[in-house]
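Here is a short report for a reader new to this structure. Look over the sequence and the fold, then read on.

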Amino acid sequence: SAASSMYLGEYAANYRVDTDTALGEIDALCERGLLTAGRLQLKNYGIVWDNMHFYLFFLTSLIVTVVVVVLTVILTSMLGYALARLKFPGKMWILALLIIGAVAPREAVIIPIFRMLKAAGALQGIWGMTLWMTGAGIGNTFLMAGYFLTIPKEMEEAAAIDGAGTFQTFFDIVLPMARPIVMAVGLFAFLGAWNNFLIPLLCTISKPTMQPLAVAVYSFQKGHQGWWNQSNAAAAIMIVPAIVVFVLLQKHIVKSIAVGAVKG
């Protein structure tokens, strides 16, 4: 059939079988309705979104990601500014801890963080995974600190002469000037939180209804073998928002890199 011949060469190459075997297997898939000519089937999205309750998983991912992005931007920007501009006791210790945390393998800290959150009673819930993923993005502090070093100190000195304190100078002058790197760090935090799989999996083992999209798509594919049409629709629901956000914010990443290169 036309559908069989359409996928014959690709199927045979991917599964390393001869053309006769590939043709027979493709015909069997076509008879079962699992392989049709490529076309958009919007009904699959409706089935996944409503019947499979993926709107709840989407909402969970959205809430967790927004909170992670806000916390990551606030914490990394404030800490980066402190490391770049301020002098205080223990500064080198904090810098050393950040370096260790940035270079340490993620697998090496999973068990300690898991046990710590479990002891605090924050593991099986949204806040546990939110705090965990926020901590995982603390390495962005170095990006913030590096960008703040490129901002002329005369701006801050003029603000100090006018009577502005450290916090007022940071929020009213320095942070608005660092908008490109703030947007870039926000994008990195968004992609990291939205696509994260291991941390949400560990935090929702006993509460599957609180799963974010990444875990929900995996669970759906594992529990519905052969439902490729709905599985692909579920994967698209997860991927499309990340692509849209990246396209909208990519210019800020390019701008932050260009500004850092010129000033550096």
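## Helix packing and cores

Helix α8 (residues 141-148) and helix α11 (residues 179-195) have axes that come within 10 Å and cross at roughly 170°. That makes α8 roughly antiparallel to α11. This is a predicted model. On the α8 side, the contact is made by L143, M144 and Y147. They meet P180, I181, V182, V185 and F188 in α11. By class, this contact has eight nonpolar residues, no polar ones and no charged ones.

Next, the nonpolar cores. The largest nonpolar core has 32 residues. Within this core, F54, F148, A178, I181 and L213 touch the most other members. Six helices each supply at least two residues of this core: α4, α8, α10, α11, α13 and α14. α11 gives the most, with seven residues. In soluble globular proteins, nonpolar side chains tend to be buried together.

| Helix supplying at least two core residues | Residues |
|---|---|
| α4 | 54-85 |
| α10 | 166-177 |
| α13 | 213-223 |
| α14 | 228-263 |

I199 has its place in helix α12 (residues 198-203). Is I199 buried or exposed? I199 has a relative accessible area of 9%, under the 20% cut-off, so I199 is buried. Not counting residues up to four places away in sequence, I199 touches M129, W132 and M133. T130 is 69 residues from I199 in sequence. In space, the two are 9.2 Å apart, C-alpha to C-alpha.

Now the charged pair. How many salt bridges does a search of the whole structure find? The search finds one. In a salt bridge, the side chains of E156 and R85 meet at 2.7 Å, N to O. E156 lies in helix α9 (residues 153-161) and R85 in helix α4, so the pair ties together parts that are 71 residues apart in sequence. Both E156 and R85 are buried.

Note on methods: Residues are numbered from 1 along each chain as its sequence is written. This is a predicted model: local features need pLDDT of at least 70, side-chain atom pairs count only at pLDDT 80 or more; totals for chains, interfaces and linings use all residues. Side-chain values use heavy atoms; hydrogens and water are left out. Axes are lines fitted to C-alpha atoms, for helices over the stretch in contact, and angles run from 0 to 180 degrees between N-to-C directions. Helices (H or I, at least four residues) and strands (E, at least two) are DSSP runs, numbered from the N terminus. Angles under 35 degrees count as roughly parallel, over 145 as roughly antiparallel, 65 to 115 as roughly perpendicular and the rest as oblique. Contact means heavy atoms within 4.5 Å. Ala, Val, Leu, Ile, Met, Phe, Trp, Tyr, Cys and Pro count as nonpolar, Asp, Glu, Lys and Arg as charged, and the others, Gly among them, as polar. A nonpolar core is a set of buried Ala, Val, Leu, Ile, Met, Phe, Trp, Tyr and Cys residues joined through side-chain atoms within 4.5 Å. Buried means under 20% relative accessible area, exposed over 50%, partly exposed in between (1.4 Å probe, protein chains only). A salt bridge is a side-chain nitrogen of Lys or Arg within 4 Å of a carboxyl oxygen of Asp or Glu.
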